[in-house]
Amino acid sequence: MFSKIFYWLVKNSYYLFFKLFNRLEVINEDRIPGNRPLILASNHCSNLDPPVVGSVFRERMRYIAKASLFRPFLFGFALRTLGAVPVSREDEAKAAMVLKMFLRFLQKGENILIFPEGKRSPDGTIQPLEGGVALLSLKSRCPILPVYVYGTFSALPSGKTFPRAVKIVMNYGSLIDPSTLPENISDREARAEILDRLAIEYRRLEAEAFEQAG
């Protein structure tokens, strides 16, 4: 059962760690809209990305994480408290099942966190975006809030178990609202338009975060 007390403790413990150890800086929080629920769409290059975003965003989010991450009890407990749902590699590959899960969360008024690249980037650069985030936004009519996390690849690349003291910058982007799409376009064109907007926004957010990181 979800406990607000445990959530507050875990969230702020992570935030304090990243703030002190990785000099975490959050920019452009004024871009967060007041309407809810939201689909937060983040780049993904490190296992640090979910706890960074989860500790920074003011409200609890739901997201999926591979089941192996939950095996260390304390880390698994923290992930669940922050809103993570464990899925096996086989279940993660079942796009329809994951989509239905996210739709249920949104219908209940919960925010969700999704990684449109589908998996961690092997080199820290943005990989081609998969269509699930666009489909989810169109079906739920919920807006997408792009998020770019800079520095986590250097802090904890694949294969490493403990982060390095590298500065992390989390940058919020401009909202992508399905209601602003052109009228009388096909579903396929609508999905392509959303992904194009998201890709453009990621490039802008990366440049802003890089500049801020110095």
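**View A. Pairing of L40 with L145 between strands β2 and β6.** L40 has L145 of β6 as its bridge partner in this predicted model. The two strands concerned, β2 with residues 39-42 and β6 with residues 144-150, run in the parallel sense and are joined over four bridges. Strands of a sheet pair through backbone hydrogen bonds, and this pairing may be either parallel or antiparallel.

**View B. The open sheet of seven strands.** Taken across the sheet, the strands follow the order β1-β7-β6-β2-β5-β3-β4, and their pairing is mixed. At the edges stand β1 (25-27) and β4 (84-87), and because each has a single partner strand, one side of each is left without a neighbour in the sheet. On average, neighbouring strands of this sheet are turned by 25° against each other, when direction is ignored. Helix α8 lies across β1, β2, β6 and β7 (169-172), and the helix runs at about 35° to β6.

**View D. Packing of helix α6 against helix α8.** Two packed helices are described by the angle between their axes together with the distance between the axes. For α6 (residues 132-140) and α8 (residues 187-213) the angle is about 120°, and the axes lie 9 Å apart. The crossing of α6 and α8 is right-handed. On the side of α6 the contact is made by V133, A134, L135, S137 and L138, and on the side of α8 by D187, A190, R191, I194, L195 and L198.

**View E. N111 and its side-chain contact with E59.** N111 belongs to strand β5, which covers residues 111-114, and with a relative accessible area of 2% N111 is buried, since the class requires a value under 20%. The side chain of N111 makes a polar contact, at 2.9 Å, with the side chain of E59. When residues up to four places away in sequence are not counted, N111 touches R36, P37, L38, F57, E59, R60, M61 and R62.

View F. Among the residues touched by N111 are R36 and P37, and the peptide bond from R36 to P37 is cis, with omega near 0°. P37 is found in the loop between β1 and β2.

View G. R23, placed in the loop between α1 (4-21) and β1, has a positive phi of about 50° although R23 is not a glycine. The relative accessible area of R23 is 44%, so this residue is partly exposed. R141 has its place in the loop between α6 and β6, and the phi of R141 is near 65°, again a positive value in a residue other than glycine. With a relative accessible area of 47%, R141 is partly exposed.

Terms used:
Residues are numbered from 1 along each chain as its sequence is written. This is a predicted model: local features need pLDDT of at least 70, side-chain atom pairs count only at pLDDT 80 or more; totals for chains, interfaces and linings use all residues. Side-chain values use heavy atoms; hydrogens and water are left out. Axes are lines fitted to C-alpha atoms, for helices over the stretch in contact, and angles run from 0 to 180 degrees between N-to-C directions. A crossing is left-handed if the near helix is turned anticlockwise from the far one by less than a right angle, and right-handed if clockwise. Contact means heavy atoms within 4.5 Å. Buried means under 20% relative accessible area, exposed over 50%, partly exposed in between (1.4 Å probe, protein chains only). A polar contact is a pair of N or O atoms within 3.5 Å; within protein, one must be able to donate a hydrogen and the other to accept it, and residues adjacent in sequence count only if both atoms are side-chain atoms. Two strands pair if DSSP finds at least two bridges between them.
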